Amino acid sequence: MVFFYEKDAVEMQVEARLDPTTRVYTITRRLPDGTTEYEQVVGEEPCRRHLERIAVRLETAGWRRSGPPKLLL
């Protein structure tokens, strides 16, 4: 799933992708300066909580979701 954020006409993406064999989620943040950051979280609920914390931090910093998340297939 990919979440899109926007601030001052600049965009950022936060993606969560599951490895079904290990149940490890990789969270990828594509920052406006071209930097890509990766984190790994084990389990669905910990991943959900981590994504919620990221969303709160971004919104506190003035970022807003720009549209609905997109499901990766």
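1. Ala55 belongs to helix H1, which spans residues 44-60; helices here are DSSP runs of type H or I with at least four residues, strands are E runs of at least two, and both are numbered from the N terminus. Ala55 counts as buried because its relative accessibility is 8%, where buried means under 20% relative accessible area, exposed over 50% and partly exposed in between, with a 1.4 Å probe and protein chains only. Leaving aside neighbours within four places in sequence, Ala55 is in contact with Tyr5 and Arg65, contact being heavy atoms within 4.5 Å. Tyr5 is 50 residues away from Ala55 along the chain, and the C-alpha atoms of the two are separated by 9.2 Å.

2. A note on the basis of these values: the model is predicted, so that local features need pLDDT of at least 70 and side-chain atom pairs count only at pLDDT 80 or more, while totals for chains, interfaces and linings use all residues. Residues are numbered from 1 along each chain as its sequence is written, and side-chain values use heavy atoms, with hydrogens and water left out.

3. The search of the whole structure gives 7 salt bridges, each defined as a side-chain nitrogen of Lys or Arg within 4 Å of a carboxyl oxygen of Asp or Glu. One of them joins the side chains of Arg30 and Glu15, at 3.0 Å from N to O. Because Arg30 lies in strand E3 (residues 24-30) and Glu15 in strand E2 (residues 10-19), this pair ties together parts that are 15 residues apart in sequence. Glu15 is buried at 8% relative accessible area, whereas Arg30, at 32%, counts as partly exposed.

4. A salt bridge is also formed by the side chains of Glu39 and Arg29, at 2.7 Å from N to O. Glu39 lies in strand E4 (residues 36-42) and Arg29 in strand E3, so the pair ties together parts that are 10 residues apart in sequence. Arg29 is buried, with a relative accessible area of 15%, while Glu39 is partly exposed at 24%.

5. Within helix H1, Glu44 and Arg48 are 4 residues apart, which means a separation of about one helical turn, and their closest N and O atoms, 2.6 Å apart, form a salt bridge. Glu44 is partly exposed at 42% relative accessibility, as is Arg48 at 39%. A network of salt bridges links Glu44, Glu45, Arg48 and Arg49.
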